[in-house]
Amino acid sequence: MTLDDFDFDLPEGLIATRPARPRTAAKLLVAAAGGLRDLTVADLPALFRPGDRLVLNNTKVIPARLSGQRTRASAQGEVVAKVEVTLLEPAAGGAWMALAKPLRKLREGEEIRFSDALSAEVEAIAEGQMRIAFNLTGAEFDAALAQAGAMPLPPYIAALRAPDEADKSDYQTVFARHAGAVAAPTASLHFTPDLLETLRKNGVQFTEVTLHVGAGTFLPVKVEDVTTHRMHAEWGEVSEQAAREINATKAAGGRVIPVGTTALRLIESAAGAEGVVAPFRGTTDIFIYPGYRFRVTDALMTNFHLPKSTLLMLVSALMGQERIREIYAHAVSKGYRFFSYGDASLLIPEP
């Protein structure tokens with residue numbers, strides 16, 4: 001398998017820069033043994049069966065984009081310069097790893113001030129990143145970050161428009177609980193409280209897991225032989241209760257359907273060779289590409305992914321490469337909206 005095996009032509013006009021309103025109005029391409037069906041997310045109650053279990057990623061996106069200033073004394077007096085910071089992931093001792101523009105002009109030990117309440121010291125700079133320590137922790141840090149930060153829109157949206165106040169709710173799931181992600185589990189953005197309640201009344205069950213999606217999810221694959229690609233690591237947790245619920249559904253003959261590739265990667269990381277899910281807490285760098293044998297996943301709800309991306313490789317592993325080419329060609333021809341704010345697909349592989 002080469003990187004070009006996962007390429008396709010995507011018109012820029014199909015890249016969604018805003019979500020559908022209401023969320024359930026997004027289009028839904030259902031790919032199953034019977035062919036392809038063009039529906040909407042509002043049709044989901046008719047597609048799931050009593051006893052199906054949807055696995056939801058309850059991570060919460062933090063407003064990880066920060067605009068700040070550094071101050072430095074010079075022969076000409078005090079010099080103030082702007083610094084743009086994007087938080088990547090927590091580091092040891094309560095610090096954060098981050099990107100910065102312009103990183104090359106920063107020095108270790110300097111302070112970056114983001115607001116009257118929030119500032120950070122540059123502790124280390126290496127390999128295109130920096131480690132910073134904020135002046136606040138806990139609830140005080142969360143509150144100051146909420147005031148000073150902006151939502152970290154994916155690069156393909158940020159290139160088309162700046163983040164604004166609407167993104168603080170648009171780029172967050174309705175069941176977000178545990179702060180730590182710098183990218184949203186985007187398939188879950190289509191759900192509303194009313195839709196979740198309708199599904200519950202129909203006998204669909206839910207299990208929540210946590211995977212803090214990192215900025216590495218947007219990193220391009222740079223190797224030609226995709227099997228040599230190394231995935232970024234992300235922190236996740238499958239609780240004892242979550243593992244028990246998933247195993248019970250499998251034992252009863254129900255379907256386990258992750259909502260999003262993040263939930264899928266986490267439960268596959270927690271599953272043993274026999275398909276039994278164990279409690280899991282730690283980092284995972286699982287890389288799923290064609291040839292992978294799925295241990296617990298029966299179907300997947302997911303958005304449409306970037307050409308040559310690891311996520312396109314994942315759905316190709318689930319459905320088969322030729323089938324995914326057919327699905328994506330159909331989506332392009334029918335004007336489906338792509339990527340984080342785009343439309344959704346429900347992928348049900350052949351038994």
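Is Thr 261 buried or exposed? Thr 261 is buried, with a relative accessible area of 8%. The legends below refer to a predicted model.

**Figure 1. Overall view of the predicted model.** The protein contains eight helices and 17 strands. Its radius of gyration is 21 Å, close to the 20 Å that the globule rule gives for 351 residues, so the protein is as compact as a globular protein of that length. Along the principal axes, the C-alpha atoms fill a box of roughly 75 × 45 × 40 Å. Buried residues make up 51% of the 351. Of the contacts with a separation of 6 or more, 70% are between residues 24 or more positions apart. The accessible surface is about 16000 Å², and carbon and sulfur atoms contribute 49% of that surface.

Figure 2. Helix H6 covers residues 261-270, and nine of its ten residues are buried, so the helix is largely enclosed by the rest of the structure. The buried residues of H6 are Thr 261, Thr 262, Ala 263, Leu 264, Arg 265, Leu 266, Ile 267, Glu 268 and Ala 270. Outside the four places on either side of it in sequence, Thr 261 is in contact with Leu 300, Thr 302, His 305, Leu 311 and Leu 314.

**Figure 3. Crossing of helices H7 and H8.** H7 consists of residues 310-319 and H8 of residues 321-333. Their axes come within 7 Å and cross at roughly 115°. The crossing is right-handed. On the H7 side the contact involves Leu 312, Val 315, Ser 316 and Met 319. On the H8 side it involves Gln 321, Arg 323, Ile 324, Ile 327 and Tyr 328. By class, the residues of this contact are six nonpolar, two polar and one charged.

**Figure 4. Strand E8 around Ile 112.** Ile 112 lies in strand E8 and is buried, with a relative accessible area of 0%. Neighbours within four places in sequence aside, the residues in contact with Ile 112 are Gly 68, Gln 69, Val 83, Val 85, Leu 106, Ser 119, Ala 120, Val 122 and Met 130. Arg 177 is 65 residues from Ile 112 along the chain, and the C-alpha atoms of these two residues are separated by 29 Å.

**Figure 5. Leu 219 in the loop between strands E12 and E13.** Strand E12 spans residues 205-211 and strand E13 spans residues 234-238, with Leu 219 in the loop between them. Leu 219 is exposed, at a relative accessible area of 55%. Along the chain, Leu 219 and Thr 310 are 91 residues apart, while their C-alpha atoms are separated by 9.1 Å.

**Figure 6. Two cis peptide bonds, at Pro 22 and Pro 102.** Most residues other than glycine have a negative phi, and most peptide bonds are trans. The bond from Arg 21 to Pro 22 is cis, with omega near -5°. Pro 22 is in the segment before strand E1, which covers residues 27-32. The bond between Lys 101 and Pro 102 is also cis, and its omega is about 0°. Pro 102 sits in the loop that runs between strand E7 (96-101) and strand E8 (111-113).

**Figure 7. Positive phi at Glu 127 and Lys 308.** Glu 127 is not a glycine, yet its phi is positive, near 55°. Glu 127 occupies the loop between strand E9 (119-126) and strand E10 (129-134). With a relative accessible area of 83%, Glu 127 is exposed. Lys 308, likewise not a glycine, has a positive phi of about 60°. Lys 308 is in the loop between strand E16 (300-303) and H7. Its relative accessibility is 29%, and Lys 308 therefore counts as partly exposed.

Conventions
Residues are numbered from 1 along each chain as its sequence is written. This is a predicted model: local features need pLDDT of at least 70, side-chain atom pairs count only at pLDDT 80 or more; totals for chains, interfaces and linings use all residues. Side-chain values use heavy atoms; hydrogens and water are left out. Axes are lines fitted to C-alpha atoms, for helices over the stretch in contact, and angles run from 0 to 180 degrees between N-to-C directions. Helices (H or I, at least four residues) and strands (E, at least two) are DSSP runs, numbered from the N terminus. A crossing is left-handed if the near helix is turned anticlockwise from the far one by less than a right angle, and right-handed if clockwise. Contact means heavy atoms within 4.5 Å. Ala, Val, Leu, Ile, Met, Phe, Trp, Tyr, Cys and Pro count as nonpolar, Asp, Glu, Lys and Arg as charged, and the others, Gly among them, as polar. The radius of gyration is taken over C-alpha atoms; the globule rule is 2.2 Å times the number of residues to the power 0.38. Buried means under 20% relative accessible area, exposed over 50%, partly exposed in between (1.4 Å probe, protein chains only). Accessible areas come from the Shrake-Rupley method with a 1.4 Å probe; for residues, only the protein chains shown count as cover.
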